[in-house]
Amino acid sequence: MALVETVRGPVDAGSLGTTLMHEHVFILNEEVRENYPGDWNETSRVDDAVAKLTALYDRGCQTIVDPTVLGLGRDIHRIRRVADGVPLNIVVATGLYTYNDLPFYFKYRLPRSGGLDPMAEMFIGDITTGIAGTGVKAAFLKCAIDDEGLTPGVERAMRAVCRAHRETAAPITVHTHPASLTGRDVLRVLREESVDLSRVVLGHSGDSADLDYLTEMADSGCLLGMDRFGIDVITPFEQRVQTVAALCARGYAGSMVLSHDASCYIDWFPSGTIGKFAPRWNYEHIFDDVLPALRERDVTEDQIETMLVANPRRYFTG
Ligand SMILES: [Zn+2]
């Protein structure tokens, strides 16, 4: 059986088990945190993450796939401290998260003519030798496109991710904005870059209930990330569940993965507000509410197993 890199080292793909394909542990702006630490306490934040992820493991999840990359505050040392304290596997990513411009660091480090983009070289190093000297290897690549579309910065990051995919065979997750039909831009670029589309998740596809768009994307061979359960403020629970059930009924269970896009800590919102605007946005909502609702809509145990176990395994092993 093929091996998949996790924070604690490689594991058999067959042991990934029930896998949530898009969960963060920490999302934060490290520069803000360093300069305006407020009440940040490293030890209590790590302890909080250990407690929440241990509870998730006890709920039946064996692996989380964490697409936190540059732009979202990736800190492999902090993640390693969390991983050392929890029984579940944490799979980490490399790549870059922007909806528009690149950080200045990359803006003037341009690809040499005919050569690799320096950004792609960094991604490849994270996958082949490990992140920041820790030896912890990224197992997949991440980039983003949102409602601003394929800006020059977004396109350069996406093509660098594609190049790293071609060099390493690591799979790709793309943050998309389905309301703007951005999956079509993603597929065009990925096809130009000869990406294996069966190794791609179109993240946040589940924000959409447009079955024509979703089946068009799935028919390309990509996986649809039905991965924001709990963010009912964007798309209500009923609609998210109904869309997954409808796609299962049409034979698309093999084209979907499930997740929440949740985190233990995210600095995007003032403290205390998430509970008000997204009270069910946590790691266990799928087990507590979504799976029972899918079963009520005639989604079978086989289809659930396909979405939570088989599709994630296939994504990592090809
Ligand atoms: Zn995310």
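Visitor: Why is Thr-300 called partly exposed?

Guide: In this predicted model, Thr-300 has a relative accessible area of 36%, and because buried means under 20% and exposed means over 50%, a value of 36% puts Thr-300 in the partly exposed class. Thr-300 lies in the loop between α11 and α12, the latter running over residues 301-317. From Ala-93 it is 207 residues away in sequence and 31 Å away in space, taken C-alpha to C-alpha.

Visitor: What makes His-22, His-24 and Asp-261 the residues that coordinate the zinc ion?

Guide: Donors are N, O and S atoms within 2.8 Å of the metal, and the zinc ion has the NE2 atoms of His-22 and His-24 and an OD atom of Asp-261 at 2.1 to 2.2 Å, so these atoms meet the criterion. Water is not among the atoms, so the site may look incomplete. Along the sequence, the spacing of the donor residues is H-x1-H-x236-D.

Visitor: What is noted about the backbone of Asp-261?

Guide: Asp-261 has a positive phi of about 60° although it is not a glycine, and its place is in the loop between β11 (256-258) and β12 (265-266). Most residues other than glycine have a negative phi. Ala-132, which is not a glycine either, has a positive phi of about 55°.

Visitor: Why is Ala-132 called exposed?

Guide: Ala-132 has a relative accessible area of 56%, and because exposed means over 50%, Ala-132 belongs in that class. Ala-132 lies in the loop between α5 and β7, where β7 covers residues 140-144.

Visitor: What makes helix α8 mostly covered?

Guide: Six of the eight residues of helix α8 (residues 211-218) are buried, namely Leu-211, Tyr-213, Leu-214, Thr-215, Met-217 and Ala-218. The buried residues of α8 pack against α7 (183-192), β9 (200-203), β10 (223-226) and α9.

Visitor: How do you know how α9 is oriented relative to α11?

Guide: The axes of helix α9 (residues 237-249) and helix α11 (residues 285-296) come within 9 Å and cross at roughly 55°. Because roughly parallel requires an angle under 35 degrees and roughly perpendicular requires 65 to 115, α9 is oblique to α11. This crossing is right-handed. Phe-237, Val-241, Val-244 and Ala-245 in α9 meet residues of α11 including His-285, Val-290 and Leu-294.

Visitor: Why is α5 called oblique to α6?

Guide: The axes of helix α5 (residues 118-128) and α6 come within 8 Å and cross at roughly 40°. Because roughly parallel would need an angle under 35 degrees, α5 is classed as oblique to α6, and the crossing is right-handed. Among the α5 residues that meet α6 are Phe-123, Ile-124 and Ile-127, while the α6 side includes Ala-157, Ala-160 and Val-161.

Visitor: Which residues have the most contacts inside the largest nonpolar core?

Guide: That core has 89 residues, and those with the most contacts inside it are Leu-53, Ile-90, Leu-258 and Leu-294. Helix α6 (residues 152-168) gives the most to this core, with seven residues. A second, separate core of 21 residues includes Leu-16, Leu-72, Tyr-97 and Val-257.

Visitor: Which residues is Leu-53 in contact with, leaving aside its neighbours within four places in sequence?

Guide: Leu-53 is then in contact with Val-25, Ile-64, Val-82, Val-86, Leu-88, Ile-90 and Tyr-283.

Terms used. Residues numbered from 1 in each chain as written. Predicted model: local features only at pLDDT ≥ 70, side-chain atom pairs only at ≥ 80, totals over all residues. Heavy atoms only, no water. Donors = N, O, S within 2.8 Å, 3.2 Å for Na, K, Ca; no water. Core = buried A, V, L, I, M, F, W, Y, C linked by side-chain atoms within 4.5 Å. Buried < 20%, exposed > 50% of the residue type's maximum accessible area, 1.4 Å probe, protein only. Helix = DSSP H or I, 4+ residues; strand = E, 2+ residues; numbered from the N terminus. Contact = heavy atoms within 4.5 Å. Axes fitted to C-alpha atoms, helices over the stretch in contact; angles between N-to-C directions. Parallel < 35°, antiparallel > 145°, perpendicular 65-115°, else oblique. Left-handed = near helix turned anticlockwise from the far one by under 90°.
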